[in-house]
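Please keep the sequence and the coordinates at hand while reading.

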Amino acid sequence: MMVSCEKAANICDKYQYKEATVWEKIQLKFHLLMCKTCTKHSKDNKKLTTLCNQARLAVLSEEEKKKMKENFSKLK
Ligand SMILES: [Zn+2]
C-alpha cells in the first residue's frame with residue numbers, strides 16, 4: 001500500500017487538476033503520514049498542499065534543488 005515519494009508527488013499533480021481518484025487520495029495521505037522523508041520537511045502542518053510540496057521536495061535531487069535556487073535568484 002505504501003507508495004513512493006515520486007508516486008505521491010505524481011498524485012499531488014493529479015489532485016490539483018481534480019483528477020485523482022479517492023483511492024489515490026487515500027494512498028497520498030497515507031504516504032505522507034508514514035514517510036519520514038516527506039514529513040521531516042514540516043512537523044504538524046496538515047494542509048494537503050503543503051504536504052504535496054513536501055512530497056515534491058523529497059523527490060527532488062540535490063542538483064534539481066540547486067537549479068531551483070538558481071532560477072529563484074535570477075528572478076530577483
Ligand atoms: Zn515521501
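Of the 76 residues of the chain, 17% count as buried, a residue being buried if 20 or more other C-beta atoms, placed from the backbone, lie within 10 Å of its own. This is a predicted model, in which local features need pLDDT of at least 70 and side-chain atom pairs count only at pLDDT 80 or more, while totals for chains, interfaces and linings use all residues. Residues are numbered from 1 along each chain as its sequence is written.

The average pLDDT (the predictor's confidence in each residue, from 0 to 100) is 79 for the chain, and 84% of the residues score at least 70. Confidence is highest in helix H2 (residues 22-34), with a mean of 88, and lowest in helix H4 (residues 48-59), with a mean of 73.

The chain has 5 helices and 0 strands, where helices are DSSP runs of H or I with at least four residues and strands are runs of E with at least two, numbered from the N terminus.

Helix H1 (residues 5-16) and H2 have axes that come within 10 Å and cross at roughly 135°, these axes being lines fitted to C-alpha atoms over the stretch in contact, with angles from 0 to 180 degrees between N-to-C directions. Residues of H1, among them Ile 11 and Tyr 15, meet residues of H2 that include Leu 28 and Leu 32; contact requires C-beta atoms, placed from the backbone, within 7 Å.

Technical notes
A residue is buried if 20 or more other C-beta atoms lie within 10 Å of its own, exposed if 12 or fewer, and partly exposed in between; C-beta atoms are placed from the backbone. Two residues are in contact if their C-beta atoms, placed from the backbone, lie within 7 Å.
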